[in-house]
Amino acid sequence: MYTRRIFPVLGVLKWTRRHIFLFIFLALIPVFLFDVIGLKWLHVPWLPLGVLGTAVAFVVSFKNNASYDRLWEARKIWGGIVNASRSWTIMVKDFINNDHTVEDRTEAKMLAIKRELVHRHVAWLTALRYQLREDKPWEMHLKAKRSNREFRASKYRVCEDVEDQEGAIRPYLTEADYKEVFAKGNQASQLLGIQSRRLKELMKEGLIEDFRHMEMMNMLVEFYSLQGKSERIKNFPYPRQFATLNYLFVWIFILLIPYGIMEGFESFGEKILGVLNKHEEQTSLMHVVQETIARHFVWFSVPFSALISWVFHTMEAIGENTENPFEGGPNDVPITDMSRGIEIDIRQLIDDTDIPEPYVWPNDIVM
C-alpha cells in the first residue's frame, strides 16, 4: 500500500504512458481520414455514443466497487489476525502455569513452552502469507504486463518472491515440526493442527486447566476461520465473465470515442470561422493564423479523445489491479509488514530475545 498523503500522479502517468501513446494514435487515424482525406461522413452520432459511455461508466464503477470491497474485506480479516494474535499471546503468557501440576517446572522451562507456542504462531503467520502470495492463473497476466514489471523492479520488492518459504519458517519450528509441516500440503493448517495437539499435551501435564484449554482452543478455531476467509478471497477471483465483458466494453467505447467527438469540434471551428468572417481586417497575420486553426479545429479532438480514453481505461485498470488484494501489488494489503509487526509485538509480550527489526520499505510502498 502507498503511505503518501497524495497518490503520485506522475507515477500513474508513467505507468500508463504506453496506453496514452496508443490512445493518441487511435485518435489521429479518424481525424486524418476526416480532415485530410476528406471522408466527412466518417463520424458517429454523439447520442448513442453518450448512452454507451454512460453504460460503460456504470460497469466500471460496479467493478471498482467490487474490487474495493474485496480489498477492504481482506484488510479487515488481517486486522482480525492482529487482534487475535495478541489475544493468543496473552493467553499463552497467563494461562500456562504450574498451578495444577504435581511437578513444578522451572521458570526457564515455562518460558521455553511459551516461546514454542508463540514461535509456532509466527510460523503460521509466515506460512499463511506465503500461501496468499502464490500466483493464481487469473493473476498471472497482471504480473506479466510490462508496465507492472517495470514498476515492481524499480519501486518496491516482494519478500516472498526473493526469500525461500522453508528458510523463512524453519527458525520458528523444531526439526520434528518442520518435517511434519512440509511433508503435507497447506502448511498453515498443519501448524494450527500441531498447536492444537500441543495444547492437549499441556492440559494432560496439568499446565493448562480445562476451562483455559477450551478458551485457547477457541482462539485456534478463530485462526482457522480467519485463514479460511483469506483463502476465500485468494482462491475465488472476481468473476471472469464480469471482468472480461467490462474490459471489452471499455475498449469498444475507447475505439468509438474519436469518431463521436470529431463532428462537435468541426462545428465549433465553423462557428469560429463565422466570427472571423465578420472582421473588417482579414489580411493580418493574426487573422490568417486564427482562420487556419478554425478550419482545422477538428484536430483538437485528438487530445480530448485521448484524455477521455485514458480516464476510462485507467479506472478499469485500477479496478483490475485492486481485485486481488494478496498478489503482491503496490496497492495490496501489506501482509508482510503486518506479519512482522505482529511478530515483534507478541514476542515482546513474552519477553523473548533476538526479536527482528521492522521492515524498511523504499518509495513509501509498504508490502
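Residues are classed as nonpolar (Ala, Val, Leu, Ile, Met, Phe, Trp, Tyr, Cys and Pro), charged (Asp, Glu, Lys and Arg) or polar (the others, Gly among them). The model is predicted: local features need pLDDT of at least 70, side-chain atom pairs count only at pLDDT 80 or more, and totals for chains, interfaces and linings use all residues. Residues are numbered from 1 along each chain as its sequence is written, and side-chain values use heavy atoms, with hydrogens and water left out.

The protein chain divides into domain 1 (1-42 + 243-322) and domain 2 (47-238 + 335-366). These bounds come from an automatic or database domain assignment. The C-alpha centres of the two domains lie 48 Å apart. Domain 1 gives 23 residues to their contact and domain 2 gives 24, with contact meaning heavy atoms within 4.5 Å.

The largest pocket holds about 410 Å³ of space. A pocket is an open set of points on a 1 Å grid over the protein atoms alone, where a 1.4 Å probe fits, with protein on both sides within 12 Å along at least five of seven lines; lining residues have an atom within 4 Å of a point. The lining has eleven nonpolar, seven polar and five charged residues. Closest to the pocket centre are Trp15, Asn148, Asn321, Pro330 and Asn331. Each domain supplies at least three lining residues.

Helix α10 (residues 187-204) packs against helix α11 (residues 210-235) at about 180 degrees, with axes 10 Å apart. Axes are lines fitted to C-alpha atoms over the stretch in contact, and angles run from 0 to 180 degrees between N-to-C directions. The pair is therefore roughly antiparallel (over 145 degrees). Their contact residues comprise nine nonpolar, six polar and two charged.

Terms used:
Helices (H or I, at least four residues) and strands (E, at least two) are DSSP runs, numbered from the N terminus. Angles under 35 degrees count as roughly parallel, over 145 as roughly antiparallel, 65 to 115 as roughly perpendicular and the rest as oblique. Grid points are joined across faces, edges and corners, and a volume is the space filled by probe spheres set on the points.
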